[in-house]
Amino acid sequence: MFTIRSEKPRRATGQPLNETQRALVEKKLEILRGASVGFTQDRLLHIQEKDLKSWTDACVDELRREITAAAPSHIKIALIDFRKLGCVSLQCFPL
């Protein structure tokens, strides 16, 4: 199950991330990888105020793809973007 909730308009599909956004996604992926013990534990990830302007739906989609590729096959992942709160929720469910 993949869920995204955002009140900002979606970025056009297929538009590549810029360098800043790619670096931000990679940084957040590494934080979640360590904090969630291999994407098996729920975590709340804060997006710093200085990064919020660069954080888009495309960033969330890319982070979701990266987590899905790295997560164990027996874990179902939900990644929910709470843009107004400046955080992303990772929820891990055993299958």
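Modeller: Let us begin with phenylalanine 39, which lies in the loop between H1 and E1. Please bear in mind throughout that the model is predicted.

Colleague: What makes phenylalanine 39 a buried residue?

Modeller: Its relative accessible area is 1%. Buried means under 20%, so phenylalanine 39 qualifies.

Colleague: Which residues have the most contacts inside the largest nonpolar core?

Modeller: They are Phe39, Trp55, Leu63, Ile67, Ile77 and Leu90, in a core of 21 residues. Two or more residues come from each of H1, helix H2 (57-70), E2 and E3. H2 gives the most, with five residues.

Colleague: What does isoleucine 67 touch, leaving aside residues up to four places away in sequence?

Modeller: Isoleucine 67 touches Leu29, Leu32, Phe39, Ile77, Leu79 and Leu90.

Colleague: How do you know that the span of H2 is close to the expected one?

Modeller: H2 has 14 residues, and its first and last C-alpha atoms are 20 Å apart. The expected span is 1.5 Å times one less than the number of residues, which gives 20 Å for H2.

Colleague: Which residues of H2 are buried, and what covers them?

Modeller: The buried residues are Asp57, Ala58, Cys59, Val60, Leu63, Arg64 and Ile67. Their cover includes H1, E1, E2 and E3.

Colleague: Why is threonine 68 called partly exposed?

Modeller: Threonine 68 has a relative accessibility of 37%. That class lies between the limits of 20% and 50%, so threonine 68 counts as partly exposed. Threonine 68 belongs to helix H2, and its C-alpha atom is separated by 8.9 Å from that of phenylalanine 39, 29 residues apart along the chain.

Colleague: What makes the approach of threonine 68 to arginine 64 a polar contact?

Modeller: A polar atom of the threonine 68 side chain lies 2.8 Å from the backbone oxygen of arginine 64. The limit is 3.5 Å, so the pair meets the distance criterion.

Colleague: Why are E1 and E3 called paired strands?

Modeller: Strand E1 (residues 43-46) and strand E3 (residues 87-94) share four bridges, in the antiparallel sense. At least two bridges are required, so the two strands pair. Strand E2 (residues 75-82) also runs antiparallel to E3, with eight bridges.

Colleague: Which residues stand opposite cysteine 87?

Modeller: Histidine 46 stands opposite cysteine 87, and phenylalanine 82 has cysteine 87 as its bridge partner. E2 and E3 form a hairpin with four residues between them, and glycine 86 in the turn has a positive phi of about 70°.

Colleague: Why are cysteine 87 and cysteine 92 called buried?

Modeller: Cysteine 87 has a relative accessible area of 6%, and cysteine 92 has a relative accessibility of 9%. The limit is 20%, so cysteine 87 and cysteine 92 count as buried.

Colleague: How many disulfides does a search of the whole structure find?

Modeller: The search finds zero disulfides. The criterion is a pair of cysteine sulfur atoms within 2.5 Å.

Note on methods: Residues are numbered from 1 along each chain as its sequence is written. This is a predicted model: local features need pLDDT of at least 70, side-chain atom pairs count only at pLDDT 80 or more; totals for chains, interfaces and linings use all residues. Side-chain values use heavy atoms; hydrogens and water are left out. Buried means under 20% relative accessible area, exposed over 50%, partly exposed in between (1.4 Å probe, protein chains only). A nonpolar core is a set of buried Ala, Val, Leu, Ile, Met, Phe, Trp, Tyr and Cys residues joined through side-chain atoms within 4.5 Å. Contact means heavy atoms within 4.5 Å. A polar contact is a pair of N or O atoms within 3.5 Å; within protein, one must be able to donate a hydrogen and the other to accept it, and residues adjacent in sequence count only if both atoms are side-chain atoms.
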